[in-house]
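Please open the structure in your viewer and keep the sequence panel beside it.

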Amino acid sequence: MTATLLLAGRIFVLGVTGLGGEPQYSERFIREARRFITAMEERYGVEAERITWLAEDPARGGTMASGTATRDHVLQALAGLPARSAAGDVILILLIGHGSPGDPPRFNLPGPDITAADLVLGLEGLADRTVVLVNAASASGGFADALAGPGRVVVTATRTGLERNETMFGGAFVEAFTGDDADVDRDGILSLLEAYQHAQRDVVRRYESDNRLLTEHSRLSDTTLAKQVLFQRPAAVASRAGDSVAVALEARKRDLERQVAELRARKETTDPAVYERRLEDLLLELARVNRTLRERQGGVP
C-alpha cells in the first residue's frame, strides 16, 4: 500500500548527505539517512523507486545510495522529478550535513557547494507539487526565506545563517519517523508538523541533558501546510479501512485543524469579537471529534 500524503498524492524522497569533514560526522550522516529511508520504505510504504539518496561516499551507503552527492547530481535529481511525479504529489527533500555561513550560505558537498539560489532553480518545475525541503545543516537558516513560497514547507535546523555550530536537528527529525512518540494521538498518521515539533522538543532536551547552551533554533515556514502533509502507516490505514465513521472523523479533524490554523493566521485582520467566537466554535467541535475518535479507538461504540 502506498503512503498517502495530503489527498492521494504519492511521495518522492530526495535525501542528500553532504561532507562529513571528520569520520564521526560522515558515519552519523550516513546512519541518519539510512534510518530515514528505511522508515519511509518499511513504516510508511514508500516505494524504493521513488527514493533517491545521494551520499558523500555511495559505497558506504550500501545498496540504498543512488550516487555521489555533488552539486550537479543534486540538480540532475531535481530536474528529473517533474517527469517522474505528477500534480498533487509531494516532494520531500532532506539535506543532512554541514553548512557554511556567508553570502550566500551553502550546504557543503564534495566539489562545489550548493546554495539556496541553486535549489530555487531546481524546484522551478515543481510548482503544482507540494515541496517539503528540510535543511538539517548548520547555517541552514540562511536558506529559509529564499526557498519559502506557495505550496512549500521549508524547515531549517537554525534560525539564521549565523548559527554555525554542529546541529542535532537532523537526528531528532529522523527519530520522529522511526519511533512512535511523535504521533501524539497514536492514530498511525504522522503530520509533518508533528514530526517538526517532536524534533524541536528533542533538540532542546538533548542540549539540556548535556548541560549546554542551545546554539540552534529551528524554523518552519508554513504551519498550516505542514499540518496537511500526512504520513500514514499502511498497517494503521488497513486496520481502519472498514470503519467508515473513523475515516470520516479523521478527515473532519484535519479539516478543523486547518481552519483553526488559517483563522489564527488572520487574527490581526479579523474583528476581535468575530475571531474569538469563531475560534471557540472550532475548538469545541475539534474537542468533540477528538473525544469521539478516542472512544472508537478504545473500543467504545
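Which residues does Phe 173 touch, not counting residues up to four places away in sequence? Select Phe 173 in this predicted model and show what surrounds it: Phe 36, Leu 94, Val 134, Leu 192, Ala 195, Tyr 196 and Ala 199.

**The nonpolar cores**

Now widen the selection. The largest nonpolar core has 47 residues, and Phe 173 is one of those that touch the most other members, together with Phe 36, Met 40, Phe 169, Phe 177 and Phe 231. The element that gives the most to this core is helix H1 (residues 23-42), with 8 residues. Another core, of 25 residues, lies apart from it; color Phe 12, Val 16, Leu 54 and Leu 126, which are among its members.

**Helix H1**

Next, select residues 23-42, which form helix H1. If you place a distance between its end C-alpha atoms, you should read 28 Å; at 1.5 Å a residue, the 20 residues of H1 should span 28 Å, so the two values agree.

Which residues of H1 are buried? They are Tyr 25, Ser 26, Arg 28, Phe 29, Ile 30, Glu 32, Ala 33, Phe 36, Ile 37, Ala 39 and Met 40. Show the partners of these buried residues too: they pack against E1, strand E2 (51-55), helix H2 (58-61), E4, helix H6 (169-178) and strand E12 (230-232).

**The sheet**

Switch to a cartoon view and look for an open sheet of 7 strands with mixed pairing, in the order E3-E2-E1-E4-E8-E9-E11. At its edges are strand E3 (67-68) and strand E11 (219-220), each pairing on one side only.

Select residues 11-17 and 90-96: these are strands E1 and E4, which run parallel and are joined by 7 bridges. Within this pair, find Leu 14, which stands opposite Ile 93 in E4.

**Strand E9**

Move on to residues 152-156, strand E9, where 5 of the 5 residues are buried, so the strand is largely enclosed by the rest of the structure. Which way do its side chains point? Arg 152, Val 154 and Thr 156 point one way, while Val 153 and Val 155 point the other way. In a regular strand, side chains alternate between the two faces of the sheet.

With E11 the sense is antiparallel, over 2 bridges, and Val 155 has Leu 220 as its bridge partner.

**Asn 135**

Stay with strand E8 (residues 130-135) and select Asn 135. Is Asn 135 buried or exposed? Its relative accessibility is 1%, so Asn 135 counts as buried. Leaving aside its neighbours within four places in sequence, Asn 135 is in contact with Leu 95, Phe 107, Ser 140, Phe 143, Val 155, Thr 156 and Ala 157.

**Zoom out**

Finally, show the whole chain, with its 11 helices and 12 strands. The radius of gyration is 20 Å, close to the 19 Å that the globule rule gives for 301 residues, so the chain is as compact as a globular protein of that length. Along the principal axes, the C-alpha atoms fill a box of roughly 60 × 45 × 40 Å. Buried residues make up 50% of the chain.

Technical notes. Residues are numbered from 1 along each chain as its sequence is written. This is a predicted model: local features need pLDDT of at least 70, side-chain atom pairs count only at pLDDT 80 or more; totals for chains, interfaces and linings use all residues. Side-chain values use heavy atoms; hydrogens and water are left out. Helices (H or I, at least four residues) and strands (E, at least two) are DSSP runs, numbered from the N terminus. Buried means under 20% relative accessible area, exposed over 50%, partly exposed in between (1.4 Å probe, protein chains only). Contact means heavy atoms within 4.5 Å. A nonpolar core is a set of buried Ala, Val, Leu, Ile, Met, Phe, Trp, Tyr and Cys residues joined through side-chain atoms within 4.5 Å. Two strands pair if DSSP finds at least two bridges between them. The radius of gyration is taken over C-alpha atoms; the globule rule is 2.2 Å times the number of residues to the power 0.38. The expected span of a helix is 1.5 Å times one less than its number of residues.
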